[in-house]
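Hi everyone, thanks for coming.

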Amino acid sequence: MEYAEQKIEEHRITSQPFYLPQGDEVVIARAAYRNRLPLLLKGPTGCGKSRFMQYLAWELARPLITVSCHDDLSTGDLVGRFLIKGGEAVWVDGPLTLAVKAGAICYLDEVVEARKDTTVVIHPLADDRRELPIEKLGELLLAPPEFMLAVSYNPGYQSVLKDLKQSTRQRFVALEFRYPAAAVEEEIVQTEAGVDRELAHTLVKLAAMTRNLKDAGLTEGASTRLLIHAGRLMTDGIPPRQACQVAITEPLTDDHEMLAALDEMVRSLF
Amino acid sequence: MDADAISERLRRITAPDVLNEWELEEQAATVAALPEPLQDEVLRHYQAIWPVSHGLAALFLHHLPQALTCLAPEQLGDWTKAALAAYEQHGLRGADLFLAETEKNFLCRLRGESALPFAAALPRLRPYVHALAGPLHDLDLAPATSAATDTATLFLPREIGLFKEERQNFLLYKLLASLLWAQVASGTYRWAPAPTADLIQEVAARYGSRPDEGLPALIAYFRLFPQPALAEELFVLTETVRLLALLQRELPGLMRDAAALFPLLLAQRPPFPEASDQASVMEQLKRHLIGETKVGDANNPAPPALAAAGELLLPLARAGTTPADTAHAAARLYEIIAALPGPYQATPPLPCAISFRPAEALAVRTRRQHEEKTRFITALAALLPSAASPETGETGEDRPPPAARHQEADTALLLPGLAETEIPRPTVLLGQGLETVTIDNQSLALPPELQRLGQRIAADLGQVPPEYVAAAAGLAGSSYHPHASSPITEEIVIPPTPLTYDEWDFRRNGFRKDWCLLHEKEILPTKGTFIETVSRKHRGLLLRLRRQFEMMRPGERFVRRQRDGNDLDLDAIIEALADTQAGQAPSDRLFVRLRRDQRQIAVVFLVDMSSSTEGWVSTAIKESLFLMCESLAVLGDTYAVYGFSGMRRLRSELYHVKHLDEPYNDLVKAKIAAIAPQEYTRMGPPLRHITRLLTASDAKARLIVTLSDGKPEDYDDYKGEYAIEDTRHALIEAKNLGIHPFCITIDQQAHDYIAHMYGEVNYIVIDDVRSLPNRMPEIYRTLTG
Ligand SMILES: Nc1ncnc2c1ncn2[C@@H]1O[C@H](COP(=O)(O)OP(=O)(O)O)[C@@H](O)[C@H]1O
Ligand SMILES: [Mg+2]
């Protein structure tokens, strides 16, 4: 038990994360929390979903346990398993169980990456039962009111084999995240990357240009995250054009002509 | 690397073939003699060439040392590519010649002794312009004699060869494209002062002229001056100053790079000693624009007119100026210049200057306004609740009695009737940000496409005119009636066993039952050389695709926690032990088993064979299909290929290339080669048919991939909103049955409607049709990866 407590403390967010709201998401998330409804965050990568969860956890003063999903994630990885310690079998809670017990927020990032048979364990937690069966222990955990479940996924261009099932999605309050409005994004980039207003402005302009090419050569435009990366490199003394190249254009695509065109945009702006 | 290590690499590259020992030694020695950093790259190129032609690979190494005496290391890749191209075109001998005469055949090109053609700049420029312009302006690019725009197309020179370096020539292309974009974005052609405007009155009074309202505003303006050509030149010059300043603010990097070109342009510009004072001041102004700072000297002081002109131009560099400011300044400049001794002689335009096409711009604008108006009104009308219409008697309209059935003209049912004035109209208001529409106090969100369209209209006209909204409300409130007296325009021959399909009519929110007949047809295979040519042309790509698709092949993999299998699952055993210790019944799934996964994917490629695909498009589609089939042959997914076309609802045609369960063979290839543009694009019937086919398949994932070049459209009234809504509905029907539709389109305008039809993430617009063969397999990989 002590061990678990110590572990959960690691997940507390003690200082206020920097978060600029895009719209009403904070208000809605608070209401969802009060009403014990789980959250589904939709949006392209790097647009602030994880940061939003950190902020929410801080505001609600709950620990935040994040699980990055992948196709090898098993139910045991989420719920827990027996391990042998000193010749004895010891039950160790998985992150989901830990979160339920501690009344924490459990955030399953990129939930579509998980196999469908794994995703079903969250079903009874995500409806009004709010319970987590632990088969191995023959226990049924009832989530305390403080517990919240949140999942994220990117509805963008992806494999048809990976789609969120209706039976899963229809349990959530869904918040759509987009790239922040230009003024907001500028402020984010300025704060996070330590660049001046003008540089932030130009970076956001570059992002807008790349986003114009979504589905016309690019799978997705540059995310806020990439802008911050470029900005940080610039703050560290890398020349702007080069910083954009390594932090923005190269990560976006491997197509040589598209890279050349993106590079022209960078060279026009910087 | 030493010669031995290199020999070993070469041996591995050429396996399973074996080189002669002496050949191997010689080649290894060649590579070993190269500077260390180059060796690896050379071996990589060698490896790429080897599967294409062993002989070429040998020649490549043979000529390499000589070539490297004049080739920069970073040109090696291009040189290799050029050698491969020479081989493709002229065979081994041609490649040999090319490689032997590198200095003559290759370097001179990159050294800028010949120009950069438009086509070579296009792949970089097109995405650049699209990114710059964003969704508000659809800008196309086309070659022409000089840089200009009609606001729909940016015309750029056929080639630019003013500079030695390719990079510099490209930069000029980029500068011109950016200037033209700035011209479109800042609305030069939208300047249309009323004949009563102060400036017009003033100029007309000064020269005793009268504005001609029948002309495009700019032309009418130039004609107010005694020398319209001078007025035009001054206007263009002034506007260029303004636009360059705009670029300086918006794209400072571009202008910094471009500044390096200006001295070169200046140096190239011939002097004009014989010029009149008028022409000489004009020339000075032009030189100013590209950075001439030297204005006269002690012997030859700058004319006061030049200083005055400079004063006039300065304020145009400020932010917030408009074409109206340009017009003002041009009129003042005209006064200054015209006061000098003439005659006015036109000096050559600056290479970085744009010319004007006001008449064409007006035509484009009129056409676009009309189009956007119609689209906006019909799209908005479709959103509004339609008033109950007493006219729509259902009797016999949806399903005509068999006798009457084929007598009815196709167009009849889709014409809007006259608006019924007594039908109460809802009050409709557009929200500020164009995100909502308010109907009788109820707010409704506008779909993104309509928002975008509204924004475009607002950008053009300042706002969405209220009469558009009123017209939409009227259209929604009115009913549609058949045109009873439509003449029979087509004799209809009914082939043996066509299939009937319903069609969705969005305006009545219901199906027209058994409205379309779908005929299945065979494509006559052709014997031509298409397949052979394509295999040769895309040899490299084919190899790469085979490799990529091979990697996607469901390899053998271990599945864990099986009841029995090839090996023990250690994790499971440990867990079972732990469970036993804990007093739990341990699991009996303790084995790993080697399993070959099934991808279980069934996909149908549906190819638009409408006449609009004629030419390039059709070829690119065929090439892509062939490459796709070759790739799928490696992967083993189940797939089918059909083409579709037809004319009118009673003759929708589906062309069979390959059924789902049919093997891929030469016959299929010959049919792909024979795909040829036919008639129109009625999307509904083929989609519904394919959906029916796919529901019978038990694959885990079922896909329809359509390849198209534009909107659905038939000869009759199957167009616009109606066609889009029917297609959309057919796709929804498919989705409801668990089938994933996906569209690959090359229609640049597709963003307006295609997301509505296919859903936000289920389509991709290909920028350049030539890249389709490259992109399609890649898209398929992503889709099913
Ligand atoms: N609204 C926001 N407020 C503050 N920072 C933000 C915001 N949106 C994005 N960021 C920044 O962008 C980065 C990437 O966002 P992140 O939350 O990791 O994206 P996601 O989880 O959606 O992939 C964050 O680390 C943060 O620096
Ligand atoms: Mg994240």
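**The site around ligand 1**

Let's start with the domains: in chain A, domain 1 (3-176) and domain 2 (182-269) each give at least three residues to the shell around ligand 1. Please keep in mind that this is a predicted model.

So, who is in that shell? There are 16 residues around ligand 1, and the closest are Leu20(A), Gly46(A), Ser50(A), Glu192(A) and Arg225(A).

Now for some backbone contacts. At Leu20(A), a polar backbone atom sits 2.7 Å from a nitrogen atom of ligand 1.

How much of ligand 1 does the protein bury? On its own the ligand exposes 560 Å², and 91% of that is buried by the protein. As for which elements give two or more residues to the shell, they are helix H3 (49-60), helix H9 (182-193) and helix H11 (224-235), in chain A.

**Over to chain B**

Here I'd like to show you an open sheet of three strands, ordered S2-S4-S3, with mixed pairing. Its edge strands are S2 (140-144) and S3 (148-149) of chain B, each pairing on one side only. S2(B) and strand S4 (residues 153-157) of chain B run parallel, joined by five bridges. If you want a spot to look at, find Ala144(B), which stands opposite Pro157(B) in S4(B).

Thanks, and I'm happy to take questions!

Note on methods:
Residues are numbered from 1 along each chain as its sequence is written. Chains are lettered from A and ligands numbered from 1 in the order in which they are written. This is a predicted model: local features need pLDDT of at least 70, side-chain atom pairs count only at pLDDT 80 or more; totals for chains, interfaces and linings use all residues. Side-chain values use heavy atoms; hydrogens and water are left out. A residue is near a molecule or strand if one of its heavy atoms lies within 4 Å of it. A polar contact is a pair of N or O atoms within 3.5 Å; within protein, one must be able to donate a hydrogen and the other to accept it, and residues adjacent in sequence count only if both atoms are side-chain atoms. Accessible areas come from the Shrake-Rupley method with a 1.4 Å probe; for residues, only the protein chains shown count as cover. Helices (H or I, at least four residues) and strands (E, at least two) are DSSP runs, numbered from the N terminus. Domain bounds come from an automatic or database domain assignment. Two strands pair if DSSP finds at least two bridges between them.
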